[in-house]
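Colleague: I would like to learn how to read a model like this one. Please take me through it feature by feature.

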Amino acid sequence: MSEIIQKVKNLSVGFKSQKGHEISILKNITTNIKKGETVGIVGESGSGKSTLALAMMGYVKQGLFKMGGECIFNSFNLLNMNNRELEKIRGRKIAMIPQNAGQALTPNLKIGYQIDEALKLHTNFNKNEREKKISELLNKVRLPSPETIALRYPHELSGGQQQRVAVGMALAGNPDLLLLDEPTTGLDVTTQAHVLELLNFIAKDTGTSMVYVSHDLGAIAQVSDRIIVMYSGEIVLEGPARDILKRPIHPYTYGLLNSIPKLSLAGLPGSMPGSQPQPGTKKEGCSFYDRCNLAEEKCKKNSPDLEYINELKTSVRCFNYKKLLKDKSKKQLSTSRNEKNIKINEILNLTDVSISYAKQKLLDQILNKITDTNPTVKDINIDINKGETIALVGESGSGKSTILKSIAGLLRTKEGNIKFNQDRILSNDLKKRNSSDLRAIQLIFQNPDESLNPNHTVEEILAQPLKLYFGLSGEKLKNNIIDLLEKVRLGKFYMTRYPRQLSGGEKQRVAVARAFAAKPDIILCDEVTSALDVSVQAAVLNLLQKLKEDFGTTYIFVSHDLAVVRAISDRVAVLYQGRLCEIGPSKNVYKFPSHPYTEVLLGAVLEPDPDIKPKLVAEDIVEDKPPEKGCCFQGRCPRILGDKCKNETPPWQIGDNGNAIRCHINIKELENIQNGN
Amino acid sequence: MEINKAKVNKKKSIFKKISEVLLTMASKPSGFIGLSILVFHILLAFLSPFLAPYDFKAIDPSLMLQAPSSEYWFGTDSLGRDVFTRTIMGGRTALTITFFGSLIALLWGGLLGIFCGLVGGKIDDVVMRVVDAFLSIPWILAMLLIVSLLGTSTQVLIPALGFFYGKGIVRVARAATHDVIAKDFIVSARARGHSNLSIIWNEIIPNVRDAILVEGAMRWSWMLLGFSSLSFLGFGVSPPTPDWGLMISNARGLMSFAYWAVIAPIVGLSSLIIGINLTADAFAKALGIDRSTKAPV
Amino acid sequence: MFFLIIKRILLGLITLFIVSLITFVGTEVLPGDACTTYLEREAYGAALEACYKRLGLDIPAHERYLSWAYNVIQGDFGYSLSGQMPINEVLGPRVKNSMVLASAAIIIGIPLALILGIITALWRDKLPDITISTVTIFAMTIPEFISATLLILVVAIWLEWLPGIVIVPTDVTVKELLPNIILPVIAIAMIMTAHMARMVRSSVIQVMASDYVQMAILKGVPYWKMVFKHVLPNALLPAINVVALTIAWLLGGVVVTEVVFNYPGLGRLVIESISNRDLPTVQALAIILASIYVSINLIADLLTLMLNPRLKTLQIRK
């Protein structure tokens, strides 16, 4: 057995509430990190995972304090050391790679200076050696032309580049232990896969131990040797990565894995009821009791201990784990969705839609110059059938939300038109749309914190569309509101609550109820599950599907998460830089991706399965705007043909599966190449 | 019947909210002190005519510059008037004028600010330029000019103060509106097709109200400061009405002989300003608004 | 970057233009014109006519505005009615005296505010913060005329350390002026320092809570190095503008303080010319004070532009 470098013993961290109670957010954590291993700590927001990682550096965030226990790194008792002593360890023996490098790099200092600072503190190199080392580090994290990068300020780099700089800076002191706090969250799918691959390479290359903190089991699965699952400030499961992912023996982990949508699996993920308790609200008994389907009477009263099972090398905090151990059926629980063939009955047609954000400058208006030959969104043709769920997917900057806004009338189209019910063109101007058209199209937003007015009760929020479209009042209005709440599975007593008194999932349910209050024909869903925890996301997806089946609503579903799209959509349209690349039935697009971009995108998806590795086919270059001419994907295409792709707009081709792609390469040929790989 | 009930509920909730805010304010020592001082001064303003032991304008040359005694608690001034009487009555005019002045400032500043934040574009640019221009003329110069040409009556002072102290509120209201209209719940209401008026009334005002009210409370203390300065310079309240600024100005020349005539009004005015300030700070904190980074413009 | 600077300067000039319009129109619409206001009961016959001639009130308003504005741009503010001489001559020594007062207050106030603000932020909620913050709250809420009066009472009358009232002729030299300005400077600097210290404090606290400061700590950067390299440059940059606004706003306080101390500066001139109803001088003062306000803000804007790396790189790219 290899040597232990970080020992966490009975660690509890908490804060003082306004009323003076001590509330713990880490409860009695005990674990070890061994030399050379990578440990993944996974948990939903509020599980205490970041606090644990920071404590491993002897750092407790302002407002929090250590309630008991210790963190021992080699022979240093970190939480008892003063700052002077810790400065010698931080950055030199233990280094941190932060979540959002864009905010973790000091804005007024150049990249080179910030790395140099770490080198000066933690090495004995002279100036020339340091300069060489900076280039070396930037090279190691695969940044192009290190000399120029070193002279830049953080804001001049893209998100992926900033994250790489943070990795390079952490390596400057040649640490024995690297702590990574959600290092890929917030990055685009392809960038995320590249950064993870880099981290894996560094782990192997330097032999550093790593603690990888994330809410994303997909990312954890790619890097970890061992996994710690946290829930409500406690470790509920700890063991070898493969076992945990393939055979989770804690009901929470089991449910969590189940609630993650997967590319390989059509249909909706299984959902867990409720949400993680807020710190300080817990009574006695197991903290997972309320949500657990194995719960018994004794779970309500007694809190289980973390029990080490020798033959599995796994620790678990559950009285009934044996039930899951016996459960040999590794079958995934997922509600199958009837992917019925939608009848061709078009409800919305987008014809040659172009949208431009660029404002025409006064001078150009006078000179009558046409400035924007290269609009943000261009040539979008999509016909949407009644009752289907069509998804728009793409990375940031793909124009997917922009298209949604112009369907809702919030953004004017520059060219083309949007036809509703085959008979009337929706006005470009929101004010000119009539009431029934407005009612027919409703929106649900990404972040319910922003989409619900914080000063209105749930009752007032839901009353608005009912009053506006149906003129309801009095008893009728109230009954309707209760009815709506029931539909989204919220009780009547939610009426008097304010949004701040609801959990994230509950808020999003209210937002869903508000959209359905209008009895709409089409609902536009803008990243509706992105702000939610995985277990809550599954429940919201299931709810949306149920409501759709009940009311025959059409969904236009925008998401960056390809697995979520796989789970809910009938048809999918892949966008890059505001241009359509591929469109077709979901099952075919996912099974036989034809367009090179779809291939790149799907290859980068991280699955919570150690056996499925992402395929990196293209560089993760970030492009600010689409190319002036030719194919939109020319800058990153791994199969680029040459001048033809650079100069000519590719034609539409329709494959045997019903996928339509826009590419110069013959679709048959593409399928062959991809199957060959 | 049903509607009436709803209205009652709504009203109740407003009272409930106000009492909640007051309780939160009073739960911190600084807020409690501030509120008590303010309440004390307001009570004094109402009750002082009945509490005053002497006539505030009774001149008696034989009693000139008497030191504090059991008869004249705070002594007498250069005209032999009782300083205690004049001190407890000295805040009435200032409080009344600045209170109504603040209301006017709140009203026009808030409405114009919300309007500018909403329409944006060229109209907003032009209005803000003009507001900026007004800001760049020192308030004291403008106030003095107006007062010297139009007189110092309440009808002049209240609107003039209201106008000059409303400029800052325009900025705050505009910035708050700007923040709010970018939020998704406004987008959602727009997409549903609510009228502009209904969006302003239902969605925007409830969300900018707090910021504007806090700013108004702060303006009140500054306006009091400004008004007292005017009085001090001889451009505010006209004698013989008792007023702290004026009393300080009159007694200043003789303070080497009779410091009491200066100290009493100084304590009165300072305590009121500090009281309003602490209250405004506690008010801001109770509503969850951090206003310490804002410039006093 | 270049365009940004030009734009800011243009905006400042537009503001000044609007100010000139406001003051001109303001004095125009208020009852009575400059001559009747000034002469009051003697406003008839030859005296009035002579006054009209002198001020050119016999020509239409817009022409008068244009010629007045033209002269102002040339640096000629016209004729002072109460001083019976060109306004420039009245203004000259007053501007100098006020400048001495204001710059002394700023030179003392800004560094003091920085130090106090940084101390209170770094020792947040500890004893130094609690004491200093309490004092600043008092200092910033007490009006200048009260603090000035108290200063005179305590320092000049009771302790007899310094002269309370400034008794010097208007055209005094700076050297003679100096011992007299100590109390007025304290009175002005007190309120200004308190305001700025509070702003610096909250700005520093905000930056201390940022991700990049946490990162610097976790990188092992020693505390004071972190404060000077990672915290202060980022905290003080946004404070520059706010500080400028405060300074400009407190110009009003200078007026009151000058009156209390009988100081021969612009502030007293404001009171004098308003008491004398000398409208041309008032107009001149409005323009001058507004220009000071605009230039302080302009300087702050330009400083921010130059120090902010985000804007610096804009220049390289363009």
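This is a predicted model: local features need pLDDT of at least 70, side-chain atom pairs count only at pLDDT 80 or more; totals for chains, interfaces and linings use all residues.

Modeller: Start with a sheet in chain A. Eight strands form an open sheet with mixed pairing, in the order β20-β21-β22-β17-β23-β24-β26-β25. Strands here are DSSP runs of E with at least two residues, helices are runs of H or I with at least four, and both are numbered from the N terminus. Two strands pair if DSSP finds at least two bridges between them.

Colleague: How many bridges join β23(A) and β24(A)?

Modeller: Six, and the pairing is antiparallel. Tyr576(A) stands opposite Arg579(A) in β24(A). Helix α24 (residues 596-603) of chain A lies across both strands, at about 100 degrees to β23(A).

Colleague: What is the domain assignment of chain A?

Modeller: Domain bounds come from an automatic or database domain assignment. For chain A it gives domain 1 (35-57 + 81-261 + 296-326), domain 2 (346-585) and domain 3 (591-677). The C-alpha centres of domain 2 and domain 3 of chain A lie 28 Å apart. Their contact takes 14 residues from domain 2 of chain A and 19 residues from domain 3 of chain A. Contact means C-beta atoms, placed from the backbone, within 7 Å.

Colleague: Which strand gives the most to the domain 2 side of that contact in chain A?

Modeller: β24(A), with seven residues. By class, that side of domain 2 of chain A has eight nonpolar, four polar and two charged residues. Ala, Val, Leu, Ile, Met, Phe, Trp, Tyr, Cys and Pro count as nonpolar, Asp, Glu, Lys and Arg as charged, and the others, Gly among them, as polar.

Colleague: Now the chains. How many residues of chain B are in contact with chain A?

Modeller: 15 residues of chain B, in contact with 19 residues of chain A. α8(B) supplies the largest share of the chain B side, seven residues. That side has five nonpolar, four polar and six charged residues.

Colleague: And how many residues does the contact take from chain C and chain B?

Modeller: 43 from chain C and 38 from chain B. α14(C) gives the most to the chain C side, with seven residues. The chain C side divides into 33 nonpolar, eight polar and two charged residues.

Colleague: Which residues does Leu141(B) touch in chain C?

Modeller: Val270(C), Leu285(C), Ala286(C) and Leu289(C), not counting residues up to four places away in sequence.

Colleague: Finish with a hairpin. Which residue of the hairpin of β4(A) and β5(A) takes a positive phi?

Modeller: Asn74(A), near 50 degrees; two residues lie between the strands. β4(A) and β5(A) run antiparallel, joined by two bridges. Phe73(A) has Phe76(A) as its bridge partner in β5(A).

Definitions and conventions. Residues are numbered from 1 along each chain as its sequence is written. Chains are lettered from A and ligands numbered from 1 in the order in which they are written. Two residues are in contact if their C-beta atoms, placed from the backbone, lie within 7 Å. Axes are lines fitted to C-alpha atoms, for helices over the stretch in contact, and angles run from 0 to 180 degrees between N-to-C directions.
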